[in-house]
Amino acid sequence: MRTRYVTTVELDEDRLAKDLAQSASFQYSEAYSNYLIGGPWKSAMMWATGGDTGTGVLTNYAYDQRSTFTEYGGQLPYVQELITNVADLSRLQFVRLAVFSDSVIIPHRDFLELSGVPEEARSAHRLHIPLVTHDNCFFSEDNVVYRMRAGEIWYFDASRIHSVASLSSAPRIHLIFDFADRSGAGPLVRGEPAAAGDGIPAGRRVDRPPLPDALRAGLLRLADVLTMDNFREIFSIVIKTHFRWDGGEDFAWDTMTELARSCEDPTVLPHTMELLRYYTLDRSGSKE
Ligand code: YCP
Ligand code: CO
């Protein structure tokens with residue numbers, strides 16, 4: 001399913017605030033934080049196969065059981081109502097409340113690690129609803145940078161390479177829905193308007209100026225300082241640059257690869273190639 005804006009729900013800010021206050025007591029999972037450079041990626045399971053709050057690691061749930069609200073989901077009446085109103089529950093596998101700030105997410109594909117899960121049970125379609133966001137939160141898909149606004153429902157093509165930035169200390173809080181790839185009675189979003197949008201609307205895209213040559217040259221000089229010790233900091237600079245300037249297709253991974261090739265430390269290039277494989281191709285090997 002291609003990434004596209006579907007529709008907007010009017011968020012009830014008072015009821016949302018009550019749920020978010022309640023969520024402060026959750027013990028969030030920090031699974032998948034290795035995708036971030038900056039803070040942790042915190043998630044709390046709202047709805048899951050077997051109703052298990054679990055560890056947040058999607059390969060560790062009982063895929064042979066029906067999905068229901070978890071104990072955490074049960075504590076958030078407004079979030080429960082949103083989930084029930086929005087999604088076709090018969091195909092809904094997981095809903096997570098996901099929180100992070102001050103970070104970038106390494107360009108990656110999702111669902112690669114689910115290859116061991118039976119196909120009819122495997123999550124294959126994703127939906128985002130931002131609950132709390134701000135102007136310095138960005139997504140990118142291929143070379144398109146865009147924003148989702150609070151209350152918007154988006155199909156999200158997690159099988160394409162995507163990156164995320166939250167360039168502020170204010171938390172960004174999303175509901176993330178995963179659906180099994182089964183045919184069902186209607187669309188995954190209940191009551192989805194027939195004339196729902198196509199792709200990422202122009203009004204959500206962020207026009208970035210072309211990356212100036214001098215800035216590109218300056219970035220490439222980071223090869224002079226790149227080592228294993230500062231790999232993640234330099235990758236973060238490269239990813240942040242991608243969100244502010246248009247450096248072309250595959251800018252982040254290509255720039256890191258180029259830096260890795262020309263830096264002094266011979267271990268950086270194989271490390272970069274290993275990460276590229278892990279995040280974009282095949283997650284069966286080492287867990288960075
Ligand atoms: C995302 N993908 O793209 C998530 C974040 C890692 C997996 C954590 O939002
Ligand atoms: Co992702």
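Me: Helices and strands here are DSSP runs, numbered from the N terminus. Where does A194 lie, then?

Reply: First, remember that this is a predicted model. A194 sits in the loop that runs between strand 12 (172-180) and helix 4 (213-220).

Me: Is A194 buried or exposed?

Reply: Count the neighbours. A194 has 6 within 10 Å, so A194 is exposed.

Me: What about P210?

Reply: Count again. P210 has 11 C-beta neighbours inside 10 Å, so P210 counts as exposed. P210 also lies in the loop between strand 12 and helix 4.

Me: How far apart are P210 and W245, in sequence and in space?

Reply: Take the two distances separately. P210 and W245 are 35 residues apart in sequence. In space their C-alpha atoms are 5.6 Å apart. Now try A194 and D52. They are 142 residues apart in sequence, and 34 Å apart in space, C-alpha to C-alpha.

Me: Which residues have a positive phi without being glycine?

Reply: D102 and D250 are examples. Phi of D102 is near 50°, and phi of D250 is near 55°. D102 lies in the loop between strand 5 (92-100) and strand 6. D250 lies in the loop between helix 5 and helix 6.

Me: Why do D102 and D250 count as partly exposed?

Reply: Partly exposed falls between the buried and exposed cut-offs. D102 has 17 other C-beta atoms within 10 Å, so D102 is partly exposed. D250 has 15 inside 10 Å, so D250 is partly exposed too.

Me: What should I look for in helix 7?

Reply: Start with its span. Helix 7 covers residues 268-280, which is 13 residues. From first C-alpha to last, helix 7 reaches 18 Å, close to the 18 Å expected at 1.5 Å a residue. Then sort its residues. V268, T272, L275, Y278 and Y279 are buried. These cover an arc of only 130° around the axis, so they lie on the same side of helix 7. The face turned away from that buried side carries the exposed residues P270 and M273.

Me: What do the buried residues of helix 7 pack against?

Reply: Look for the partner elements. They are strand 6 (103-108), helix 5 (231-244) and helix 6 (251-262).

Me: Which residues of helix 6 are buried?

Reply: They are F251, A252, W253, T255, M256, L259 and A260. They pack against strand 6, strand 11 (162-166), helix 4, helix 5 and helix 7. Helix 6 has 12 residues and reaches 16 Å, close to the 16 Å expected.

Me: What surrounds ligand 1?

Reply: List the shell, then sort it by type. Y32, Y35, W41, I105, D110, H162 and V164 surround ligand 1. Five of the shell residues are nonpolar, one is polar and one is charged.

Me: What domains does UniProt list?

Reply: Treat these as record entries. An unreviewed UniProt entry gives residues 21-180 as "domain: Aspartyl/asparaginy/proline hydroxylase". That span is 11% helix and 41% strand, with its end C-alpha atoms 31 Å apart. The UniProt annotation "domain: L-proline 3-hydroxylase C-terminal", also from an unreviewed entry, covers residues 206-282. Residues 206-282 are 61% helix and 0% strand, and the end C-alpha atoms are 30 Å apart.

Definitions and conventions: Residues are numbered from 1 along each chain as its sequence is written. Chains are lettered from A and ligands numbered from 1 in the order in which they are written. This is a predicted model: local features need pLDDT of at least 70, side-chain atom pairs count only at pLDDT 80 or more; totals for chains, interfaces and linings use all residues. UniProt positions are given in the numbering used here, feature names are shortened, and annotations may be inferred rather than shown by experiment. Helices (H or I, at least four residues) and strands (E, at least two) are DSSP runs, numbered from the N terminus. A residue is near a molecule or strand if its C-beta atom, placed from the backbone, lies within 6 Å of it. Ala, Val, Leu, Ile, Met, Phe, Trp, Tyr, Cys and Pro count as nonpolar, Asp, Glu, Lys and Arg as charged, and the others, Gly among them, as polar. The expected span of a helix is 1.5 Å times one less than its number of residues. A residue is buried if 20 or more other C-beta atoms lie within 10 Å of its own, exposed if 12 or fewer, and partly exposed in between; C-beta atoms are placed from the backbone. The arc is that of the directions from the helix axis to the C-beta atoms. Two residues are in contact if their C-beta atoms, placed from the backbone, lie within 7 Å.
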